[in-house]
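Subject: Structure handover

Hello,

Here is the structure for you to take over. Please open it alongside this message.

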Amino acid sequence: MAKKRALVSVSDKNGVVDFCKSLVKNGYEIISTGGTFKLLRESGVEAIEIDEVTKFPECFEGRVKTLNPYVHGGILHRRDKQSHLDQAKELGVEAIDLVCVNLYPFKETIEKTDDFDEIIENIDIGGPAMVRSAAKNFDAVLIVTNVEDYAVVIDAIENEKNTKDFRRGFMVKAYEHTAAYDSMIANYMNERFNEGFGEKQFIVGNKVMNTRYGENPHQNGALYEFDKHFSNNFKTLKGEASFNNLNDLNGAVKIASAFGDDNAVCISKHGNPCGFAIRDNLLDAYVEALKCDPVSAFGGVVAVNGTVDKAMAQKMNEIFIEVIIAGRITQEAQEVFANKKRIKLFEMGSDKLILANDKKDFKHIDGGFIYQDADKVKDDEVKNAKLVSKNAATAEEMKDLEIAYKVASLTKSNCVVYVKNAAMVAVGMGMTSRVDAAQCALKKAKDMGLDVSGCALASEAFFPFRDSIDAAAEAGVKNVIEPGGSIRDEEIIEAANEFGMSLYFSEIRHFLH
């Protein structure tokens with residue numbers, strides 16, 4: 001039986017020596033290139049250098065080494081067609097049965113340098129060509145692109161599992177690999193030269209897991225990630241995250257983590273906050289956050305910017321909460337929830353919650369998607385807001401304005417947020433009218449027995465009429481922040497002065513639709 005041949009050329013050299021040793025043990029002859037060849041020979045693995053196969057030296061500083069008919073002919077000729085076999089024999093092309101390639105580290109290069117010449121040199125040409133060739137001929141050729149698959153491949157070779165179905169699975173992985181690589185290059189070039197908005201936009205994610213179903217039971221669903229955010233920072237302690245859980249906790253985590261190292265707790269329902277507070281300790285923050293709307297909190301999501309300990313867990317366990325996510329959840333705290341069948345616990349393995357801080361944002365619409373720069377309140381946005389009223393807020397009141405403003409920026413429009421003593425006391429969100437949002441929030445606060453007098457009010461967009469200010473004044477609101485920009489701004493300012501309020505214009509809108 002003719003010896004099988006494997007072409008191995010990898011940038012990520014983890015595990016490649018042991019992989020090749022196993023291939024040799026199973027009757028494969030190794031062909032290799034450049035640094036991979038050198039490593040294999042230094043490690044005692046017999047290998048043939050690529051130019052012995054191509055009958056042509058590597059040239060142009062390594063830019064050309066595998067782009068050759070002896071390589072691609074060896075990969076691509078069909079073993080089930082006699083005419084191909086005859087032509088291969090006539091041309092002296094020997095079969096290559098396994099291709100192991102991973103590509104030049106483009107991502108790592110753009111993360112460490114802005115030198116365009118160096119970046120260009122780390123765009124792989126021969127690698128993707130070999131991967132695509134091997135994948136196209138998966139009937140006869142096994143393509144390996146992931147170091148994590150080495151053990152599976154060796155097991156398949158040694159135990160007669162290297163079937164067409166097995167190779168088909170690796171073919172799919174291979175095209176995913178090259179598609180993701182080319183997408184990354186295209187997106188980078190558009191970011192560098194077209195402000196990130198080129199003629200094509202590629203959104204590539206790595207699958208983390210299937211969800212039990214999508215938004216509803218008749219829909220399929222799955223979680224995909226960018227840059228291993230969930231793989232590195234999302235640990236399941238109890239239960240299983242559903243599609244809706246993931247969407248809901250996303251909003252809660254963004255709000256709870258928006259205040260740096262503060263002891264912040266956000267309670268959310270259906271992606272919107274129904275409670276938020278900052279306190280000297282997380283237990284007190286949770287207690288204050290819950291006061292805003294304990295009815296909506298039932299079955300909700302709680303994001304804790306820190307560690308949930310036993311005492312906090314016992315307090316949280318007094319009502320039904322569906323999801324808790326925190327920097328950490330202690331073992332003692334987990335034991336408190338052990339007998340609650342429906343609760344789901346997740347942690348990030350860190351002292352605080354971790355945000356990916358994606359630079360871009362997109363939403364699916366029927367027939368396509370809309371794509372934009374991600375929105376975020378700048379650190380100095382409230383500090384630099386323009387005082388347009390006669391009265392000014394105190395330093396302590398400015399802190400409440402900042403909290404209200406940041407929470408409003410992460411709450412569905414139209415929205416208003418009322419904050420008093422670093423705790424949200426009322427919120428109106430997702431309304432078609434801004435005055436309705438303001439009035440609904442105040443009605444809910446009244447129903448909850450919460451005193452909003454002296455509080456801060458934030459709106460994520462301008463007030464088109466003074467009626468929202470009138471309603472706020474009647475409730476005792478003392479300080480207001482909004483973007484400004486209405487044709488009736490002067491009326492709004494006049495109303496604020498009439499009621500002795502401080503009024504700030506940030507001059508930046510934060511719609512969230």
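Predicted model: local features only at pLDDT ≥ 70, side-chain atom pairs only at ≥ 80, totals over all residues.

Helix pairs

Two packed helices are described by the angle between their axes and the distance between the axes. Two pairs are described that way here.

On the α1 side the contact is made by V16, F19, S22, L23 and K25; on the α9 side, Y150, V153, I154, I157 and E158 take part. Sorted by class, the contact of α1 with α9 has seven nonpolar, one polar and two charged residues.

The second pair is helix α4 (residues 69-76) and α8, with axes that come within 8 Å and cross at roughly 25°. Angles under 35 degrees count as roughly parallel, and α4 and α8 are therefore roughly parallel to each other. From α4, the residues in contact are V71, H72, I75 and L76; from α8 they are A129, M130, S133, A134 and K136. By class, the contact of α4 with α8 has six nonpolar, two polar and one charged residues.

Helix α10

Helix α10 covers residues 164-193, 30 residues in all. At 1.5 Å a residue α10 should span 44 Å, and its end C-alpha atoms are 43 Å apart, which agrees. The buried residues of α10 are F166, R167, F170, M171, A174, T178, Y181, S183, I185, Y188, M189 and N190. What covers these buried residues of α10 includes α6 (106-112), α7 (116-121), α8 (126-136), β5 (142-144) and α9. Just after α10, E195 has a positive phi of about 55°.

I185 lies in helix α10 and is buried, with a relative accessible area of 11%. Leaving aside neighbours within four places in sequence, I185 is in contact with F106 and I123. I185 and I120 are 65 residues apart in sequence but 9.7 Å apart in space, C-alpha to C-alpha.

Helix α17

Helix α17 (residues 395-409) has 15 residues and should span 21 Å at 1.5 Å a residue. The end C-alpha atoms of α17 are 21 Å apart, in agreement with that value. α17 is mostly covered, with eleven of its 15 residues buried. The buried residues of α17 are E397, M398, D400, L401, I403, A404, Y405, K406, V407, A408 and S409.

Cysteines

A disulfide is a covalent bond between the sulfur atoms of two cysteines. How many disulfides does the structure hold? The count is zero disulfides. Two cysteines were looked at in detail, against a cut-off of 2.5 Å between the sulfur atoms.

- C20: the closest cysteine sulfur is in C100, 6.7 Å from the sulfur of C20, which is too far for a bond. C20 is buried, with a relative accessible area of 0%.
- C292: the closest cysteine sulfur is in C274, 7.2 Å from the sulfur of C292, again too far for a bond. C292 counts as buried at 4% relative accessibility.

Regards

Key
Residues numbered from 1 in each chain as written. Heavy atoms only, no water. Contact = heavy atoms within 4.5 Å. Helix = DSSP H or I, 4+ residues; strand = E, 2+ residues; numbered from the N terminus. Nonpolar A, V, L, I, M, F, W, Y, C, P; charged D, E, K, R; others polar. Expected span 1.5 Å × (residues − 1). Buried < 20%, exposed > 50% of the residue type's maximum accessible area, 1.4 Å probe, protein only. Axes fitted to C-alpha atoms, helices over the stretch in contact; angles between N-to-C directions. Parallel < 35°, antiparallel > 145°, perpendicular 65-115°, else oblique.
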